[in-house]
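Please keep the structure open beside this note while reading. The points below take up the helices, the strands and a few single residues in turn.

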Amino acid sequence: MSNGTSTLLARQIGALYSGGSAVGLSDRQLLERFAEARDEAAFAALVARHGPTVLGICRRHLGDHQHAEDAFQAVFLVLARKAGSLREPELLGNWLYGVALRTARTARARLARRRRVEEEAAGAESGSGSGSSSGPGSFGAVDRSFLDGEQAEALHREIDRLPGPFRLPVVLCYFEGLTLDEAARRLSWPVGTLRSRLARPREKLRRGLVRRGFAPTAGVLGGSISHRPFPFPFAFPRPLSSSASSLLCDSTTRAAIAFAARRGAGTGEAVAPALAGPAAATAQEVLRTMLIHKLRAAALSLLFLAVGAAGAGWLARPHVMGDEPRMKGQSSSKGPRVDFKAPADVSPARLLVDGRVIDPQGRPVAQARVAVLADRRARAGDRDGRHRNILVGTAAVDANGRFSLDVDGLPGERLERLTLLASAPGRALTAAALKPGDVLHEATVTLEPERPVEGRLVDIQGQPASGVVVRVAKIDGNPPLVRYDGKGQPILWPSAATTGADGRFRILGLGAGAGAAATFEVEDTRHAHQSFTVSGGGSGSSSGSGSTITLRPAQAVEVRVVHADDGKPAAGALVAVQALRDAMPTNDIAYARTDDQGRARVVGWPASAYRVRIDPAEGEPYFHVWDDLDWPTAAVRITHEFRLRRGTVVSGRVVENSEGTSKPIAGAWMTYYQTARDNPRRVDLLSVEAVSGPDGSFRLVVPAGPGHLLIEGPGEEYLHVETSSTAMGIGLRPSFHLYPHAHTVLDIPPGEARHPVEIRLRRGVTITGRVIGPDGRAVAEGWVFGRGYAPYREGAFPFGAFNGPPPRVEVKDGRFAIPGCDPENPGTFHFIDAKDRLGATVELSGKSAADGPVTVKLQPTATARFAIKDADGRPIAGRDADWPTDLRLVITPGPDFGELKSNFDAIPGDFTYQEDIDPASDRNLKSGPDGRVTMINLIPGGRYRFHGREFTPRPGETVNLGDVPAPKPEG
């Protein structure tokens, strides 16, 4: 070994002992160490880890040993320059694969140009013009290695065409040599998903090679990889990776350190090894090419924006090419590509679903189709009858029952659920739940035989109700299904039926499994809206299959809507008629639009009263009106006139306030609240809401006077501000904390037609880290929550606490990422691993994560006990314990609701119940012989409250909560 190599190794060994072993670090960590401190040991570990793959690609493209090593070194010189700017450092192998291809092709083109120059010079000297080089590494000799190089080029071009989710497994398993388990851990995929994504590219690659003129044989991709998870359907004479010598790796590391420091980039004089000259020149050419691609992409993006501003909406999807290979949205060969256009108030996201559709015997259902539904969470002001549940993708299965869905237009709003549907002729519609937030999914759906649902509709005189449309509104199950918007695509939902002359109907596509049930709706202007349920067993809450259902007469609400200022009819106004039962609003709402005369007739659901809301046509400067109308006994219709009052148009943009920029934010949701305190212009309003469009713009109409806009961004990455009902004076009692992403105070003068507003959201930081147990091992799964990250947003009202279950940030394989954290002020976060009974309470902020990922160590959770006793103080055994639901973790200090009494301006604290933290901790609890009840999994360090008593449990502690008197029996 040379003295230089020994010196380098000595330095690396010293760095390893002083900074920790680089062998156990991830690619991201090694890149960070090199980018921040020019850590030679870290870069040497990267070269040793990925060198075989890079060298194998270079050798197959260039043939000659010397030229391959030049290209090998050039690849890592490029990495040295780009180490601090990779978008996905954890996928370095995939990035290096793409750079190695680009570098090898660049080097090959350089060599071809040099060969042509040499041939021309040789021809001029000999006068023959037919010179041909046959020296080492020459491209003039047509030998087996050159043919292999052509086949290698064809293979790599086909691999490079694969969508990212299918290219990544090939690179990791066939180029980097990882096993299935190792590659699955690297990608955080289930092994089954990885196996599927390795198997499926084989046929695609085979067809691509045949198309390029190479006839595959029934072998494997190199004999040296026969132990790998899947053989490829063609033979290849060389292994996919090549052993890189320690001398090559050492010299490459030294050259990269120098190249990154901009020494010897042109001549190689300060780069030490003889390889550096051509390698550095090739690296510079590759870097220039990457920069040109980047500039072209930026120019193309600007062109798109310019054309979009001129009205060309077809250029709505960005085409950005970065430094590293990107995941390309390509349609699968198994099923049609989904052409989904996201609504104006959402932003696109990616979804990939692979799977099979089979029958109960495990056989493929070749005629099946699949679809994916995205159901966004409800909003307080949801109205107009539009579906929240929309179809975002559909595909057909192949002869083996397999399918692939690649959707890059998911709604950017928070999703309540993602659902995979499958159906086929003669089979029941079946659903499988997908996890919102995950990009990759794998599912197998079993289709049961369908069971036709039949019934008969009659009027109140018992006569057949013919010509009535019967629709499936909901299918119970896990997950439940509700009717959705197909967005013009073929949908899988059971078709509606129309009753015949005898009043009978028959609907197909439903199942007969135990517990299965479907809710049907009837809609006809002669009859009231009505629903009934049919269960899988043939009997339901309202009827069973084959039953006779009596329809009630229509209850029609007839309205006339005019403008209050000029008395003109309000055409196109939206009329929503909501059924009230026991004076409470229900989800039974019927809709209509007014005609040119401002008139509309709406047939509502059976009710004793209705809430009627009128919203003006889009663009009109009026705000909504509403009224509650009683339904007189024996009436067949009621009439009412509504007068729309002119208001002020509040409009503007929602932008991101970061580093002096004003990036527009699409999909931000804002709600207007009118100040009630000391406001002589107060108007009785229901919710007034708007959602920002693609350019961040919004528009809503409100009355003059004081008011407030509360804004919630489309994601959790923004910082929260805090206010309350009391602080805003909006008249809600009791008051409560509100946590919007932004709060804008309005004071609109009377008569003002327009009121411009610009709303700025501040982006927080994302805290990442590791979660370990007392033994130092990574926690397999758990979750973290805290008000410093996000408030409680369960239900339709997004800004308040409401003391419900907190939003969860998942802990998976010991890792977590919390977006939207305050970069300066710390927040309290609670970690829980309920399965292993571990937890912790810590303070985190952007400052705490400034030096990199943080480590949170969990400790054993605590236990709490109390005794149930009667009025005489005797313990009550075997009593169901309802009291654990009163055990709460305090998030924001403050009084209980019961302590407010008449002081409704006081703000109660924010809490989450222990049963929401760990539902299993209080399930089916009964008191023991001594009347005692035990609650488990209390988070250490948390502030708990129980029957007026507050305490903070320590790790592993058992807290005695004393005695709780049993409630007196009712009556």
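**Notes on the helices, strands and selected residues**

1. The crossing of helix α2 and helix α3 is left-handed, where left-handed means that the near helix is turned anticlockwise from the far one by less than a right angle, and right-handed means clockwise. Helix α2 covers residues 27–37, and its axis lies 8 Å from that of α3, with an angle of about 140 degrees between the two. That makes α2 oblique to α3, since angles under 35 degrees count as roughly parallel, over 145 as roughly antiparallel, 65 to 115 as roughly perpendicular and the rest as oblique. Axes here are lines fitted to C-alpha atoms, for helices over the stretch in contact, and angles run from 0 to 180 degrees between N-to-C directions. On the α2 side the residues that meet α3 are D27, L30, L31, R33 and F34, and they face A42, F43, A45, L46, R49 and H50 in α3.

2. Before going further, please note that this is a predicted model, in which local features need pLDDT of at least 70 and side-chain atom pairs count only at pLDDT 80 or more, while totals for chains, interfaces and linings use all residues. Residues are numbered from 1 along each chain as its sequence is written, and side-chain values use heavy atoms, with hydrogens and water left out.

3. For the chain as a whole, the count is 14 helices and 47 strands; helices (H or I, at least four residues) and strands (E, at least two) are DSSP runs, numbered from the N terminus. Of the 971 residues in the chain, 49% are buried, where buried means under 20% relative accessible area, exposed over 50%, and partly exposed in between (1.4 Å probe, protein chains only). Among contacts between residues at least 6 apart in sequence, 68% join residues at least 24 apart, a contact being heavy atoms within 4.5 Å. The accessible surface comes to about 44,100 Å², and 50% of this belongs to carbon and sulfur atoms; such areas come from the Shrake-Rupley method with a 1.4 Å probe, and for residues only the protein chains shown count as cover.

4. Helix α3 (residues 40–62) also packs against helix α4 (residues 65–82), their axes coming within 8 Å and crossing at roughly 135 degrees. That makes α3 oblique to α4, and the crossing of this pair is right-handed. The residues of α3 that take part include F43, L46, V47 and H50, and those of α4 include F72, V75, F76 and L79.

5. Apart from its neighbours within four places in sequence, T282 is in contact with A74, T103, T106, A107 and R110.

6. Strand β25 (residues 669–674) deserves a separate look, since six of its six residues are buried, so the strand is largely enclosed by the rest of the structure. W669, T671 and Y673 point one way, whereas M670, Y672 and Q674 point the other way. Strand β25 runs antiparallel to β26 (residues 688–691), to which four bridges join it, and W669 stands opposite V691 there. Six bridges join β25 to β28 (residues 705–712), again in antiparallel fashion, and T671 has L710 as its bridge partner in β28. Two strands are said to pair if DSSP finds at least two bridges between them.

7. An open sheet of four strands has the order β43-β42-β45-β46, with antiparallel pairing. Its edge strands, each pairing on one side only, are β43 (910–913) and β46 (949–951). Within this sheet, β42 (residues 888–892) and β45 (residues 944–946) are joined by two bridges, and R888 stands opposite R945.

8. Another open sheet has three strands in the order β12-β8-β15, and here the pairing is mixed. Its edges are β12 (504–507) and β15 (548–550). Strand β8 (residues 453–458) is joined to β12 by four bridges and runs antiparallel to it, with V453 standing opposite I507.

9. Finally, F532 sits in strand β14 (residues 527–535), and F532 is buried, with a relative accessible area of 3%. F532 and A518 are 14 residues apart in sequence, and their C-alpha atoms are 8.4 Å apart in space.
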